[in-house]
Amino acid sequence: MRYDSITDAIGNTPLVRIDPAVHGLRNIDLYAKLELLNPFGSVKDRAAWNMARPHLSAAAEGSGQVVELSSGNTAKALAVLAGMHGLTFKSVTNRMRIPEIKDLLLLLGAEIEELPGQSECLDPTATDDPLTLFHRTLSEPDSTYLHTDQYFNPRNTEAHFTGTGPEIVKDLDGRAPNWFIACVGTAGSSTGVARALREHDPAVRVAGLVAAKSDFIPGIRTIDEAHEVGLFDPGTYDSIETVSADEAIEGMLTLNRRCGILAGPTGGAAYFGAVRQLRAVDEELAGEGSSDRQSAVFIVCDRVESYLSYVRQRRPDLFGRPRRRNSPADLSDAEIRTAPAIGVTDAQAWIATGEPLVVDLRSPYAYAALHIDGSVNIVEELFEELLHGGLPFSRNRPVLLACPVGEKSARYAALLTRMGHPDVRSLTGGIIAWRDAGAPLVRD
Amino acid sequence: MGGQPLYLEPRLEPRLRSLLDAPALLHTLTDALGSPLNMVVPDQLADNLQQFRSVYGTHHLSGQVYFAHKANRSSALLRRLAATDAGVDVASLAELQHALGAGLTPDRIAATGPKNPEFLWLAARTSVTVSLDTRGELEQLATLVRKHALPRVRILLRLSGFEASGVRVLSRRSRFGTAVGESGPLLEDVERHADVVDLVGVAYHLDTTSLTEKATALEGCLRVLEECRSRGLRPRAVDIGGGFGVNYLAHGGQWEQYTTGLTEAVLGSRPPLTYGGHGYGLRNEAGTLRGTLGLYPAHRPVAGARYLDELLSHPAASLGGRPLAALLLEHLYDLHTEPGRALLDQCGLTLTKVLEVRGQESGGPLLVRLAAKADDVALEEHGVLMDPVVVPRHPPGTGADVGAGPDAGAEPVAVHLFGSLCLESDLITRRTVFLPRRPEPGDLLAFANTAGYCMDFHATRAQHQPSARKVAAWQEGDTWRWCLDDQYWPTTPVGGAQ
């Protein structure tokens, strides 16, 4: 495959059959449309390119800016497309809750404006919410913005009506699947694909998936939020079901670990919702003893890599690592309580005569602001890491450990003692006690 | 009535629940003192303070919790507060006088907000800490101190307009505080006036429910404090204001059902849920939902002390990713907070008497007229949606099981609650309220948890209608005791109301 431009690589994604041993459906073939294999990483590449393409060259002449209300994948694709055409890109959103995506967008040169949180003391007469102000700026007469408007732009839906949908039919040897299961975000892909499939076979049943209201699944709206989308038409869907974040992650793990499909949580939600929906259908088919097989397609919207922090927050168990040697977590309360310690006055005398190595465990910013003269700064996380490998300084050199209130230093004094250091002490009450006693702190 | 009743049951902690379980007392009080009647429960304030203190403890932080006085005018609450170790932040001359008179010593008072010369003078005279909004205010204070030979004043600088690195956060404009970008000239002024002012630290107050915006501001403050230190100043505190929120509702599920119901009603797919089809900021444009829901997020799992805990645990992205609390601690800064609403959580309720219950010819919701004005129960004004609790005049059966569940045989009803003003707009709520039973004239409707901003903040004497009187109540063993708000002192509960 040889292309002249990366944009030529958008679309024509594979349709991969999920192993029946994984999903357990006996009479239905389940296929995943792998939109994660688009060049910028998601199903949104299609819509972004279709919406922006007609206007890019004109915008480039006027040194304009592409703007979109997007929390992720559309922004990513538009940022790349804008950059390729010498334009800048700005995303305005209050839904960007995935730090990796935010960083990636900044890396791609995007400007991100976040909408503020809700007011704590509401002003019921206020009419200008920040989103209204944003739209007003866009519609000013001399505005040079290219607003792709994904929630209302028919070219979003069209990209899937002319691309994604027909590709599915082609890969199923010219037949539409019996079932299409789609997560509702901008509603562009579900609406466009549904229309293409139904044009081929009006009997196609379309199941929409939304996020449970108290949950957050990136790329999926809750049912209330779906109503805010201009492209959303409840009539498109034969059913609308909710998926929880836990279920989305469960589905994602199955795709990741058992199918070799590195889908993100949205794809996981689609898989989970699809299997849940189809299980009942499958049993009916088995009961009828019908020999006809049915087929179903769901969309894998994007990749897992961007959602590690999202998953870590909800399922820390998935990131469990083996316990390490010399960890402060191994200490007993008694060991910490009886850790060698020294008060401020004695510590001052000791520093003057015994020349202990004074280790300040606080962050470099705090250390730079004020510290005990002559101390070295090894921030706690780093210190813990060092200790996994063994004692980081000689047994012959006495050590005084200091932290803000003497709690963390006590743990490390206990740990170093256990590791065989003969003369390590924790500064009782920490740097705060040192300050409160009027002992000198310097910034040098 | 349009499908299942959509309840929004208030969250009732044991004290308020116990008070609502004493209907005889509530009826006696309203019979004697009139409707509406505000009740405050001072002991709850002390308990709430402890929750904030324990968050400070978890993070090893020292510093003061200042109660934001403007949230309630009660003397009883203030005097109860004086008997704890908390502080109070005052925003007017009269509030300052009130605080001093309630027994709060100047070292426990902070003066904030817009200030007139009398307020500034009394603050400086009594050596309370002054939070300054602008360079102009600093100038005014310095002049005042010199002219009247007052003692050196401890000051905080209130900052605003914090910028996050990498991502620009759009903010509502604030009239308060000096933009961080202007902190240079402000600090030069502080140095110039070093003989009359003593810089304690910096402050911010952001009117937002967003944790990340507050975290950004706190990081910004740490940077300005570092700038102070490099100039040789000796700041030792950050005041992060309040806005930690209150969870008003007992069940998150009810809140979700209600807001979804409201969305559907606005889109026309279910009957209206409000008087006159009001959408609380939402509107239907060709089948698509537009606008912003102008409601307080009444069910908030993370509010009050827990919100503070989350904020302090939030990683400081621009300062190495350590939690904000760790940074404050390591930099040896005290943390000051100014919770108003959150400190008054579960501290009071408003009682209103039912005057009239009228059916409509169209068979719509019952019209219920209360002996109170909309300003007396300002829940609606603050966008807080919460059902009142019916306290029947004649409890069914023998027991008085108010608030303990629907009575046998009682049918749920939909009602619209009106006030006693001769104005079409005097609606206690704009929404259709569902009650587990039909109220009767003489019954009380108790609005729970109104002590923070929703009790006397908006009350007026329009049309010569009385505004609510206020009583303080406390428990002695199993018995509720009470006195007029003004009669309450921390010594009262011990000796009993005289």
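Before the first selection, some ground rules: helices (H or I, at least four residues) and strands (E, at least two) are DSSP runs, numbered from the N terminus, and two strands pair if DSSP finds at least two bridges between them. You're looking at a predicted model, where local features need pLDDT of at least 70, side-chain atom pairs count only at pLDDT 80 or more, and totals for chains, interfaces and linings use all residues. Residues are numbered from 1 along each chain as its sequence is written, chains are lettered from A and ligands numbered from 1 in the order in which they are written, and side-chain values use heavy atoms, with hydrogens and water left out.

**Stop 1: the six-stranded sheet of chain A**

Select β1, β2, β10, β7, β8 and β9 of chain A: in that order the six strands make an open sheet with mixed pairing. At the edges sit β1 (15-17) and β9 (239-243) of chain A, each pairing on one side only. On average, neighbouring strands here are turned by 25° against each other, direction ignored.

Now zoom in on β2(A) and β10 (residues 294-300) of chain A, which run parallel and are joined by seven bridges.

For the angles, axes are lines fitted to C-alpha atoms, for helices over the stretch in contact, and angles run from 0 to 180 degrees between N-to-C directions; contact itself means heavy atoms within 4.5 Å. Helix α7 (residues 188-200) of chain A packs on the sheet, where it touches β7 (179-183), β8 (205-211) and β10 of chain A, and its direction makes about 170° with that of β7(A). Helix α9 (residues 245-258) of chain A also packs on the sheet, touching β9 and β10 of chain A, at about 90° to the direction of β9(A).

**Stop 2**

Show the side chains of K33(A) and E167(A): they form a salt bridge, with the closest N and O atoms 2.7 Å apart. (The rule is a side-chain nitrogen of Lys or Arg within 4 Å of a carboxyl oxygen of Asp or Glu.) K33(A) lies in strand β2 (residues 28-34) and E167(A) in helix α6 (residues 154-171) of chain A, so this pair ties together parts that are 134 residues apart in sequence. Over all chains, the count comes to 52 salt bridges.

**Stop 3: the five-stranded sheet of chain A**

Next, pick β11, β15, β14, β12 and β13 of chain A, which form an open sheet in that order with parallel pairing. The edges are β11 (341-342) and β13 (376-377) of chain A; each has a single partner strand, so one side of each is left without a neighbour in the sheet.

Three bridges join the parallel strands β14 (residues 399-402) and β15 (residues 424-427) of chain A. V399(A) stands opposite V424(A) in β15(A). Helix α16 (residues 407-418) of chain A packs on this sheet, touching β14 and β15 of chain A, and its direction makes about 175° with that of β15(A).

**Stop 4: where B meets A**

Colour by chain. How many residues does each chain bring to the contact? Chain B gives 48 and chain A gives 44. About 4100 Å² is buried between them, with carbon and sulfur atoms giving 52%; buried area is the accessible area (1.4 Å probe) that two parts lose on being put together, summed over both.

Two salt bridges are counted between the chains. Find R322(B) and E381(A), which form a salt bridge with the closest N and O atoms 2.5 Å apart.

**Stop 5**

Most residues other than glycine have a negative phi, and most peptide bonds are trans. Go to S35(B) and P36(B), joined by a cis peptide bond with omega about 0°. P36(B) is in the loop between α2 (23-33) and β1 (37-40) of chain B. Finish at A149(B), not a glycine, yet with a positive phi of about 50°; look for A149(B) in the loop between α7 (135-147) and β6 (153-160) of chain B.
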